[in-house]
Amino acid sequence: MTFEEARAQFPVLERFAYLNAGTLGPLSRATLAAQSERLRFDQEHGRGGKAWFESVLALRATIREQLATLIGTTPDHVALTSSTTDGCNIVASGVSLGPGDEVVTTDSEHPGLLLPLNVSGAHVRVAEVAARPTANALETIMSSVTPRTKLIAISHVLWTTGQMMPVHELKRETGLPVLVDGAQSAGAIPVDVGELDYYTVSCQKWLCGPEPLGALYVRDPDALAIKIPSYFAQKSIEPDGAFAPAEDAARFDSGWLTTPSLAGLQAALEGAPDWRYDRAAEVAELCRRALRERYEIVGDGNATLVSFVAAGDAPAEAARLYDAGVVVRDLPGTGWLRASCGWWTNEDDIDRLLAGLSS
Ligand SMILES: Cc1ncc(COP(=O)(O)O)c(C=O)c1O
(Lines give C-alpha, C1' and ligand atoms only; values in the text may rest on other atoms or scores of the structure.)
Protein backbone atom coordinates (compact mmCIF):
# COMPACT_ATOMS: atom_id res chain seq x y z
CA MET A 1 0.00 0.00 0.00
CA THR A 2 1.47 3.38 -0.97
CA PHE A 3 1.23 6.35 1.34
CA GLU A 4 -1.34 8.03 -0.91
CA GLU A 5 -3.50 4.88 -0.97
CA ALA A 6 -3.27 4.55 2.79
CA ARG A 7 -4.19 8.17 3.35
CA ALA A 8 -7.07 8.04 0.88
CA GLN A 9 -8.82 5.53 3.15
CA PHE A 10 -9.91 8.36 5.46
CA PRO A 11 -12.67 10.67 4.23
CA VAL A 12 -12.12 13.13 7.09
CA LEU A 13 -8.68 13.99 5.68
CA GLU A 14 -10.34 15.43 2.59
CA ARG A 15 -11.83 18.18 4.75
CA PHE A 16 -9.62 18.56 7.80
CA ALA A 17 -5.98 18.61 8.72
CA TYR A 18 -6.94 16.01 11.31
CA LEU A 19 -4.29 15.97 14.04
CA ASN A 20 -6.22 14.53 16.95
CA ALA A 21 -5.76 10.73 17.00
CA GLY A 22 -4.57 11.07 20.60
CA THR A 23 -8.25 11.65 21.37
CA LEU A 24 -9.99 9.76 18.54
CA GLY A 25 -8.38 8.43 15.38
CA PRO A 26 -9.81 8.98 11.90
CA LEU A 27 -12.26 6.35 10.62
CA SER A 28 -11.58 4.74 7.26
CA ARG A 29 -14.15 4.05 4.57
CA ALA A 30 -13.67 0.31 5.19
CA THR A 31 -14.35 0.78 8.91
CA LEU A 32 -17.48 2.85 8.26
CA ALA A 33 -18.71 0.29 5.72
CA ALA A 34 -18.01 -2.66 8.03
CA GLN A 35 -20.00 -1.00 10.80
CA SER A 36 -22.99 -0.39 8.52
CA GLU A 37 -22.77 -3.89 7.08
CA ARG A 38 -22.66 -5.48 10.53
CA LEU A 39 -25.62 -3.39 11.69
CA ARG A 40 -27.61 -4.59 8.68
CA PHE A 41 -26.50 -8.20 9.25
CA ASP A 42 -27.52 -8.03 12.92
CA GLN A 43 -30.96 -6.70 12.01
CA GLU A 44 -31.45 -9.28 9.29
CA HIS A 45 -30.68 -12.10 11.71
CA GLY A 46 -32.80 -10.58 14.44
CA ARG A 47 -29.78 -10.58 16.77
CA GLY A 48 -30.65 -14.18 17.61
CA GLY A 49 -30.19 -17.78 16.61
CA LYS A 50 -27.18 -20.05 16.84
CA ALA A 51 -25.50 -18.91 13.63
CA TRP A 52 -25.74 -15.24 14.57
CA PHE A 53 -24.41 -15.85 18.08
CA GLU A 54 -21.54 -17.91 16.74
CA SER A 55 -20.69 -15.11 14.33
CA VAL A 56 -20.35 -12.75 17.29
CA LEU A 57 -18.03 -15.17 19.09
CA ALA A 58 -15.97 -15.58 15.93
CA LEU A 59 -15.70 -11.80 15.56
CA ARG A 60 -14.52 -11.47 19.15
CA ALA A 61 -11.96 -14.25 18.63
CA THR A 62 -10.60 -12.51 15.53
CA ILE A 63 -10.24 -9.18 17.31
CA ARG A 64 -8.59 -10.83 20.32
CA GLU A 65 -6.07 -12.46 18.01
CA GLN A 66 -5.37 -9.29 16.03
CA LEU A 67 -4.84 -7.23 19.17
CA ALA A 68 -2.62 -9.91 20.69
CA THR A 69 -0.40 -9.87 17.61
CA LEU A 70 -0.26 -6.07 17.74
CA ILE A 71 1.27 -6.06 21.22
CA GLY A 72 3.46 -9.13 20.90
CA THR A 73 1.44 -11.73 22.78
CA THR A 74 -1.08 -14.53 22.27
CA PRO A 75 -4.90 -14.31 22.50
CA ASP A 76 -5.04 -16.21 25.80
CA HIS A 77 -3.45 -13.19 27.50
CA VAL A 78 -5.91 -10.64 26.09
CA ALA A 79 -9.21 -9.47 27.57
CA LEU A 80 -11.61 -7.47 25.41
CA THR A 81 -12.69 -4.30 27.22
CA SER A 82 -14.40 -1.08 26.32
CA SER A 83 -11.46 1.21 27.11
CA THR A 84 -8.13 1.80 28.79
CA THR A 85 -10.04 3.13 31.80
CA ASP A 86 -11.86 -0.19 31.98
CA GLY A 87 -8.55 -2.06 31.92
CA CYS A 88 -7.08 0.17 34.65
CA ASN A 89 -10.14 -0.44 36.85
CA ILE A 90 -9.89 -4.20 36.32
CA VAL A 91 -6.24 -4.20 37.38
CA ALA A 92 -6.34 -1.62 40.18
CA SER A 93 -9.22 -3.48 41.85
CA GLY A 94 -7.89 -6.97 41.09
CA VAL A 95 -4.41 -6.62 42.58
CA SER A 96 -6.13 -6.29 45.97
CA LEU A 97 -4.52 -3.15 47.35
CA GLY A 98 -5.30 -1.71 50.75
CA PRO A 99 -4.14 0.67 53.46
CA GLY A 100 -0.42 0.34 53.96
CA ASP A 101 0.17 -0.53 50.31
CA GLU A 102 1.62 1.95 47.86
CA VAL A 103 1.25 2.46 44.13
CA VAL A 104 3.80 4.47 42.19
CA THR A 105 2.68 6.59 39.28
CA THR A 106 3.79 9.83 37.61
CA ASP A 107 2.59 13.43 37.60
CA SER A 108 1.57 13.17 33.94
CA GLU A 109 -1.11 10.50 33.98
CA HIS A 110 -4.58 10.61 32.52
CA PRO A 111 -7.64 10.37 34.82
CA GLY A 112 -8.39 7.05 33.10
CA LEU A 113 -5.51 5.62 35.15
CA LEU A 114 -5.47 8.01 38.10
CA LEU A 115 -9.08 7.52 39.16
CA PRO A 116 -8.84 3.72 39.43
CA LEU A 117 -5.62 4.14 41.43
CA ASN A 118 -7.25 6.66 43.71
CA VAL A 119 -10.10 4.32 44.71
CA SER A 120 -7.83 1.28 45.01
CA GLY A 121 -7.31 1.82 48.73
CA ALA A 122 -3.54 2.19 48.37
CA HIS A 123 -1.49 5.30 48.96
CA VAL A 124 -0.56 6.77 45.56
CA ARG A 125 2.98 8.11 45.30
CA VAL A 126 3.47 10.51 42.42
CA ALA A 127 6.90 10.65 40.76
CA GLU A 128 7.59 14.07 39.25
CA VAL A 129 8.73 13.31 35.73
CA ALA A 130 6.99 16.20 33.94
CA ALA A 131 9.59 18.90 34.33
CA ARG A 132 12.57 16.59 33.79
CA PRO A 133 14.26 15.11 30.74
CA THR A 134 12.98 11.67 29.75
CA ALA A 135 16.45 10.25 30.42
CA ASN A 136 15.90 10.93 34.14
CA ALA A 137 12.47 9.25 34.31
CA LEU A 138 13.74 5.82 35.35
CA GLU A 139 15.72 7.21 38.27
CA THR A 140 12.89 9.56 39.27
CA ILE A 141 10.25 6.84 39.29
CA MET A 142 12.57 4.36 41.02
CA SER A 143 13.15 6.89 43.81
CA SER A 144 9.42 6.72 44.65
CA VAL A 145 9.50 2.94 45.04
CA THR A 146 9.54 1.73 48.66
CA PRO A 147 9.22 -1.67 50.34
CA ARG A 148 5.46 -0.95 50.49
CA THR A 149 5.11 -0.55 46.71
CA LYS A 150 2.73 -3.17 45.34
CA LEU A 151 2.21 -1.78 41.85
CA ILE A 152 3.85 0.59 39.40
CA ALA A 153 1.19 2.12 37.18
CA ILE A 154 2.28 4.51 34.43
CA SER A 155 1.72 5.38 30.80
CA HIS A 156 4.00 4.10 28.09
CA VAL A 157 3.61 7.43 26.29
CA LEU A 158 2.59 10.47 28.33
CA TRP A 159 -0.62 12.00 26.96
CA THR A 160 0.64 15.47 27.86
CA THR A 161 3.96 15.57 26.03
CA GLY A 162 4.45 12.34 24.10
CA GLN A 163 7.44 11.33 26.25
CA MET A 164 8.10 7.58 26.34
CA MET A 165 8.43 6.13 29.82
CA PRO A 166 10.94 3.34 30.54
CA VAL A 167 8.31 0.72 31.32
CA HIS A 168 10.42 -2.33 30.52
CA GLU A 169 13.40 -1.01 32.49
CA LEU A 170 11.13 -0.39 35.50
CA LYS A 171 9.94 -3.97 35.40
CA ARG A 172 13.48 -5.25 35.08
CA GLU A 173 14.87 -3.05 37.88
CA THR A 174 12.08 -3.59 40.42
CA GLY A 175 10.51 -6.95 39.62
CA LEU A 176 7.23 -5.38 40.85
CA PRO A 177 3.91 -5.77 39.05
CA VAL A 178 3.73 -3.10 36.34
CA LEU A 179 0.49 -1.79 34.83
CA VAL A 180 1.06 0.17 31.64
CA ASP A 181 -1.51 2.59 30.27
CA GLY A 182 -1.07 2.04 26.55
CA ALA A 183 -3.70 4.52 25.36
CA GLN A 184 -1.10 6.68 23.54
CA SER A 185 1.20 3.89 22.43
CA ALA A 186 -0.72 0.92 20.99
CA GLY A 187 -0.99 1.59 17.26
CA ALA A 188 1.28 4.64 17.46
CA ILE A 189 4.63 3.04 18.29
CA PRO A 190 5.77 -0.59 18.23
CA VAL A 191 4.65 -2.36 21.40
CA ASP A 192 5.95 -5.63 22.79
CA VAL A 193 4.56 -6.41 26.22
CA GLY A 194 7.60 -8.56 27.06
CA GLU A 195 7.88 -9.02 30.83
CA LEU A 196 5.22 -6.45 31.70
CA ASP A 197 2.27 -7.63 33.79
CA TYR A 198 -0.64 -5.56 32.49
CA TYR A 199 -0.97 -3.41 29.39
CA THR A 200 -4.07 -1.51 28.28
CA VAL A 201 -5.10 -0.69 24.72
CA SER A 202 -7.52 1.99 23.52
CA CYS A 203 -8.86 1.05 20.09
CA GLN A 204 -10.50 4.36 19.24
CA LYS A 205 -7.25 6.34 19.11
CA TRP A 206 -4.19 5.23 17.11
CA LEU A 207 -5.85 2.02 15.95
CA CYS A 208 -8.54 4.08 14.20
CA GLY A 209 -11.33 1.91 15.56
CA PRO A 210 -14.84 2.95 16.53
CA GLU A 211 -15.46 3.75 20.17
CA PRO A 212 -15.80 2.36 22.77
CA LEU A 213 -13.40 -0.57 22.49
CA GLY A 214 -10.23 -1.55 24.30
CA ALA A 215 -8.15 -4.46 25.45
CA LEU A 216 -6.16 -5.52 28.47
CA TYR A 217 -3.06 -7.71 28.41
CA VAL A 218 -2.70 -9.88 31.50
CA ARG A 219 0.51 -11.87 31.86
CA ASP A 220 -0.75 -14.20 34.60
CA PRO A 221 -4.56 -14.28 34.83
CA ASP A 222 -4.44 -16.40 37.99
CA ALA A 223 -2.50 -13.65 39.79
CA LEU A 224 -5.30 -11.08 39.34
CA ALA A 225 -8.58 -11.32 41.25
CA ILE A 226 -11.82 -10.79 39.32
CA LYS A 227 -13.38 -7.77 41.05
CA ILE A 228 -15.48 -6.49 38.17
CA PRO A 229 -16.99 -9.73 36.83
CA SER A 230 -19.15 -9.85 33.75
CA TYR A 231 -21.43 -12.81 33.19
CA PHE A 232 -20.27 -13.04 29.63
CA ALA A 233 -16.78 -13.97 30.76
CA GLN A 234 -17.36 -16.83 33.17
CA LYS A 235 -17.40 -20.56 32.52
CA SER A 236 -20.20 -21.40 34.92
CA ILE A 237 -22.29 -19.49 37.46
CA GLU A 238 -24.09 -20.95 40.51
CA PRO A 239 -27.48 -19.80 41.82
CA ASP A 240 -25.74 -17.77 44.54
CA GLY A 241 -23.48 -16.06 42.00
CA ALA A 242 -20.40 -18.13 42.74
CA PHE A 243 -18.57 -18.69 39.48
CA ALA A 244 -15.81 -20.57 37.75
CA PRO A 245 -13.78 -18.13 35.68
CA ALA A 246 -13.40 -18.50 31.95
CA GLU A 247 -10.10 -19.83 30.71
CA ASP A 248 -7.23 -17.41 30.36
CA ALA A 249 -7.49 -13.61 30.27
CA ALA A 250 -10.97 -13.77 28.68
CA ARG A 251 -12.25 -14.00 32.27
CA PHE A 252 -11.62 -10.23 32.47
CA ASP A 253 -13.70 -9.41 29.37
CA SER A 254 -15.96 -6.43 30.00
CA GLY A 255 -19.11 -8.18 28.84
CA TRP A 256 -20.99 -7.42 25.68
CA LEU A 257 -19.29 -5.17 23.15
CA THR A 258 -21.25 -3.74 20.27
CA THR A 259 -20.86 -5.89 17.18
CA PRO A 260 -20.84 -3.04 14.60
CA SER A 261 -17.94 -1.48 16.51
CA LEU A 262 -16.08 -4.80 16.60
CA ALA A 263 -16.61 -5.24 12.86
CA GLY A 264 -15.37 -1.70 12.25
CA LEU A 265 -12.30 -2.36 14.38
CA GLN A 266 -11.48 -5.50 12.43
CA ALA A 267 -11.49 -3.49 9.21
CA ALA A 268 -9.35 -0.79 10.83
CA LEU A 269 -6.76 -3.29 12.06
CA GLU A 270 -6.59 -4.91 8.64
CA GLY A 271 -6.22 -1.54 6.88
CA ALA A 272 -3.10 -0.39 8.74
CA PRO A 273 0.02 -0.57 6.53
CA ASP A 274 3.08 -2.39 7.84
CA TRP A 275 5.18 0.77 7.51
CA ARG A 276 2.91 2.64 9.91
CA TYR A 277 5.30 3.11 12.84
CA ASP A 278 8.21 4.40 10.75
CA ARG A 279 5.99 6.86 8.91
CA ALA A 280 4.29 8.10 12.10
CA ALA A 281 7.66 8.68 13.82
CA GLU A 282 9.00 10.49 10.75
CA VAL A 283 6.04 12.84 10.34
CA ALA A 284 5.87 13.55 14.09
CA GLU A 285 9.53 14.59 13.97
CA LEU A 286 8.79 16.78 10.96
CA CYS A 287 5.95 18.42 12.88
CA ARG A 288 8.13 18.93 15.96
CA ARG A 289 10.88 20.56 13.91
CA ALA A 290 8.48 22.86 12.08
CA LEU A 291 6.71 23.97 15.27
CA ARG A 292 9.99 24.47 17.14
CA GLU A 293 10.91 27.34 14.80
CA ARG A 294 8.06 29.43 16.19
CA TYR A 295 6.89 27.83 19.44
CA GLU A 296 8.23 26.23 22.57
CA ILE A 297 7.86 22.45 22.36
CA VAL A 298 6.90 20.94 25.71
CA GLY A 299 9.05 18.05 26.91
CA ASP A 300 11.54 16.01 24.92
CA GLY A 301 9.02 13.45 23.67
CA ASN A 302 9.68 11.45 20.54
CA ALA A 303 6.41 9.55 20.17
CA THR A 304 3.57 10.72 17.93
CA LEU A 305 2.17 13.47 20.16
CA VAL A 306 3.64 16.96 19.81
CA SER A 307 2.72 19.51 22.49
CA PHE A 308 3.67 23.16 22.35
CA VAL A 309 2.96 26.43 24.14
CA ALA A 310 0.18 28.30 22.39
CA ALA A 311 0.51 31.96 21.59
CA GLY A 312 -2.42 33.29 23.62
CA ASP A 313 -5.39 31.40 24.95
CA ALA A 314 -5.00 27.69 24.06
CA PRO A 315 -8.71 26.67 24.14
CA ALA A 316 -9.61 29.67 21.98
CA GLU A 317 -6.77 28.86 19.62
CA ALA A 318 -7.94 25.21 19.29
CA ALA A 319 -11.48 26.42 18.56
CA ARG A 320 -10.23 28.91 15.97
CA LEU A 321 -8.09 26.23 14.32
CA TYR A 322 -11.09 23.90 14.10
CA ASP A 323 -13.04 26.57 12.28
CA ALA A 324 -10.08 26.86 9.90
CA GLY A 325 -10.19 23.08 9.25
CA VAL A 326 -7.34 22.04 11.57
CA VAL A 327 -8.17 19.64 14.41
CA VAL A 328 -5.86 19.71 17.43
CA ARG A 329 -6.71 19.89 21.12
CA ASP A 330 -5.62 22.01 24.03
CA LEU A 331 -4.53 20.43 27.29
CA PRO A 332 -6.71 21.93 30.03
CA GLY A 333 -5.01 24.24 32.47
CA THR A 334 -1.62 24.24 30.73
CA GLY A 335 -1.81 26.76 27.87
CA TRP A 336 -0.54 23.99 25.56
CA LEU A 337 -1.83 22.68 22.26
CA ARG A 338 -1.29 19.06 21.23
CA ALA A 339 -0.94 17.81 17.67
CA SER A 340 -1.26 14.06 17.02
CA CYS A 341 0.68 12.81 13.99
CA GLY A 342 -0.33 9.44 12.56
CA TRP A 343 0.86 7.33 9.66
CA TRP A 344 -1.80 9.05 7.55
CA THR A 345 -0.53 12.59 8.30
CA ASN A 346 1.14 14.47 5.44
CA GLU A 347 3.26 17.59 5.11
CA ASP A 348 0.24 19.59 3.97
CA ASP A 349 -1.54 18.87 7.29
CA ILE A 350 1.46 20.32 9.13
CA ASP A 351 1.62 23.34 6.82
CA ARG A 352 -2.08 23.97 7.47
CA LEU A 353 -1.48 23.78 11.22
CA LEU A 354 1.36 26.29 11.01
CA ALA A 355 -0.60 28.58 8.73
CA GLY A 356 -3.60 28.52 11.07
CA LEU A 357 -1.70 29.24 14.29
CA SER A 358 -1.42 32.70 15.78
CA SER A 359 2.08 34.03 16.16
C1 LIG B 1 -2.84 8.23 28.55
C2 LIG B 1 -4.32 8.01 28.51
N3 LIG B 1 -4.87 7.12 29.32
C4 LIG B 1 -6.19 6.86 29.30
C5 LIG B 1 -7.04 7.53 28.45
C6 LIG B 1 -8.49 7.17 28.45
O7 LIG B 1 -8.71 6.25 27.42
P8 LIG B 1 -10.07 5.46 27.31
O9 LIG B 1 -11.08 6.44 26.81
O10 LIG B 1 -9.78 4.35 26.33
O11 LIG B 1 -10.41 4.97 28.66
C12 LIG B 1 -6.53 8.48 27.58
C13 LIG B 1 -7.41 9.22 26.67
O14 LIG B 1 -7.09 10.23 26.13
C15 LIG B 1 -5.12 8.73 27.60
O16 LIG B 1 -4.56 9.63 26.80
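This is a predicted model: local features need pLDDT of at least 70, side-chain atom pairs count only at pLDDT 80 or more; totals for chains, interfaces and linings use all residues.
Modeller: Residue numbers run from 1 along each chain as its sequence is written.

Biologist: Okay, but why is strand β7 said to be largely enclosed by the rest of the structure?

Modeller: A residue is buried if 20 or more other C-beta atoms lie within 10 Å of its own, exposed if 12 or fewer, and partly exposed in between, with C-beta atoms placed from the backbone. Five of the five residues of β7 (198–202) are buried, so the strand is largely enclosed. "Strand" here is a DSSP run of E, at least two residues, and "helix" a run of H or I, at least four, numbered from the N terminus.

Biologist: And how do I read pairing: which strands run parallel to β7, and which antiparallel?

Modeller: In general, strands of a sheet pair through backbone hydrogen bonds, either parallel or antiparallel. The rule used is that DSSP finds at least two bridges between two strands. Here β6 and β7 run parallel, joined by two bridges, with valine 180 opposite tyrosine 199. β8 (214–218) pairs with β7 in the antiparallel sense over five bridges, and threonine 200 has leucine 216 as its bridge partner there.

Biologist: What sits in the loop between α7 and β6?

Modeller: Proline 177 is found there, between α7 (167–174) and β6 (178–181). Proline 177 counts as buried because it has 21 C-beta neighbours inside 10 Å. Leaving out residues up to four places away in sequence, proline 177 touches Val95, Leu151 and Asp197; contact means C-beta atoms, placed from the backbone, within 7 Å.

Biologist: What is the strand order in the open sheet of three strands?

Modeller: The order is β11-β14-β13, with antiparallel pairing. β11 (305–309) and β13 (329–331) are the edge strands, each pairing on one side only. The twist averages 35° from one strand to the next. Helix α9 (276–292) packs on the sheet, touching β11 and β14, and its direction makes about 10° with that of β11. Those angles run from 0 to 180 degrees between N-to-C directions, along lines fitted to C-alpha atoms, for helices over the stretch in contact. Valine 283 lies in α9 and touches Cys341 and Thr345, again not counting residues up to four places away in sequence.

Biologist: Where are the domains, and how many residues does each give to the contact?

Modeller: Domain 1 is 3–27 + 274–356 and domain 2 is 38–271, bounds that come from an automatic or database domain assignment. Their C-alpha centres lie 26 Å apart. On the domain 1 side, β11 gives the most, with three residues.

Biologist: Last one: which residues come nearest to the ligand?

Modeller: Of the 14 residues around the ligand, those are Ser83, Thr85, His110, Gly112 and Trp159; "near" means a C-beta atom, placed from the backbone, within 6 Å. Helices α4 (84–94) and α5 (111–118) each supply at least two residues of that shell.

How values were computed: Two residues are in contact if their C-beta atoms, placed from the backbone, lie within 7 Å.
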